[in-house]
Amino acid sequence: MTASIPRLPLRDDLFLLGHDDDTGHLHVHRQALALGLAGAVLIDLYFAGRVTLDLNDEARAAGHQRIHPHIDRPTGDLIADAAAATIRNAHPLLRMWLRGFSDDLYDRTRAGLFAGGILRQHTQRRLGGLIRAHTYLPTDSRWAVIARSRLRYLAAGREQPDNHTAALAGLVADLGLTHHLYLDDDTPAMTSRLKAIAAQHHQPVRDIIAAIDAAVGDVATAAYR
């Protein structure tokens, strides 16, 4: 059913799953989602062979590996190419790069989805029309439905996990979005299942997701100080 539908970049799938289809409201804190989006961009670069990470060292905290350029060739994706450019000469630490690149990534991802016709702007008037609030809604619900369906088939064992969907499973579980997939009433069990699927795949992807988790934790800690 979904084979003829073009696959979106990992960050776009994550952005759509991070919002309510009907209202456009965020399911998680905006900064947490932005960190997840940055990780998704980096994972796509890794899958495309554009970057590598230092080998995992258990003596180091999550995210303290360096990111290195591997193939210096444009991907054709503006956001991915901008990410590669920030890595090319700096060889940054993973967690620091996630925090820096995520800074305006939420807005950039939304703008890209809007320009691509996947999101549309919806204006609501409040207080008798004195205040106008803008939200962004999917032009077609199929995009988020496709992403949910892939995760559903994966969790049910009906499909073998490919790199993209396994990484999406790990990101969704790590950011606490499992409940919003409407896949199962037992959210903790489903979250564990998605994490287990992600854990069977590439070590650098697991390292990136662990670094996202650590960076989100840093944000939460700073917010409560």
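A nonpolar core here is a set of buried Ala, Val, Leu, Ile, Met, Phe, Trp, Tyr and Cys residues joined through side-chain atoms within 4.5 Å, where buried means under 20% relative accessible area, exposed over 50% and partly exposed in between (1.4 Å probe, protein chains only). The model is predicted, with local features needing pLDDT of at least 70 and side-chain atom pairs counting only at pLDDT 80 or more, while totals for chains, interfaces and linings use all residues. Residues are numbered from 1 along each chain as its sequence is written, and side-chain values use heavy atoms, with hydrogens and water left out.

**View A. Leu 14 in the largest nonpolar core.** This core has 60 residues, and Leu 14, Trp 97 and Val 172 are the ones that touch the most other members. Helix H2 (residues 30-47) is the top contributor, with ten residues; helices (H or I, at least four residues) and strands (E, at least two) are DSSP runs, numbered from the N terminus. Contact means heavy atoms within 4.5 Å.

**View B. H2 packed against helix H7.** The angle between H2 and H7 (residues 163-174) is about 155°, and their axes are 11 Å apart. That makes H2 roughly antiparallel to H7. Axes are lines fitted to C-alpha atoms, for helices over the stretch in contact, with angles running from 0 to 180 degrees between N-to-C directions; under 35 degrees counts as roughly parallel, over 145 as roughly antiparallel, 65 to 115 as roughly perpendicular and the rest as oblique. On the H2 side you'll find Gly 36, Ala 40, Ile 43 and Phe 47, meeting Asn 163, His 164, Ala 167 and Leu 171 of H7.

**View C. Helix H1 and helix H6.** H1 (residues 10-17) and H6 (residues 142-155) pack at about 100°, with 9 Å between their axes. So this pair is roughly perpendicular. Asp 13, Leu 16 and Leu 17 come from H1, and they meet Trp 143, Ala 144, Ala 147, Arg 148 and Leu 151 from H6.

**View D. Two of the four aromatic pairs in the whole structure.** Rings of Phe, Tyr and Trp (its six-membered ring) pair if their centres lie within 6.5 Å; planes under 30 degrees apart count as stacked, over 60 as edge-to-face and the rest as tilted. Tyr 46 and Phe 47 make a tilted pair, 5.9 Å centre to centre with 50° between the planes. Phe 47 is partly exposed, at 28% relative accessibility. Phe 114 and Tyr 136 are edge-to-face, because their planes sit at 90°, with the ring centres 5.8 Å apart. Phe 114 belongs to helix H5 (residues 105-115) and Tyr 136 to strand S4 (residues 131-138), so the pair ties together parts 22 residues apart in sequence. Phe 114 is partly exposed too, with a relative accessible area of 42%.

**View E. His 19 in the loop between H1 and H2.** His 19 is buried, at 6% relative accessible area. Leaving aside neighbours within four places in sequence, His 19 is in contact with Gly 24, His 25, Leu 26, His 27, Leu 33 and Tyr 106. The C-alpha atoms of His 19 and Tyr 136 are separated by 9.5 Å, although the two residues are 117 apart along the chain.

**View F. His 91 in the loop between helix H3 (78-88) and helix H4 (94-101).** Most residues other than glycine have a negative phi. His 91 has a positive phi, near 45°. At 30% relative accessibility, His 91 is partly exposed.
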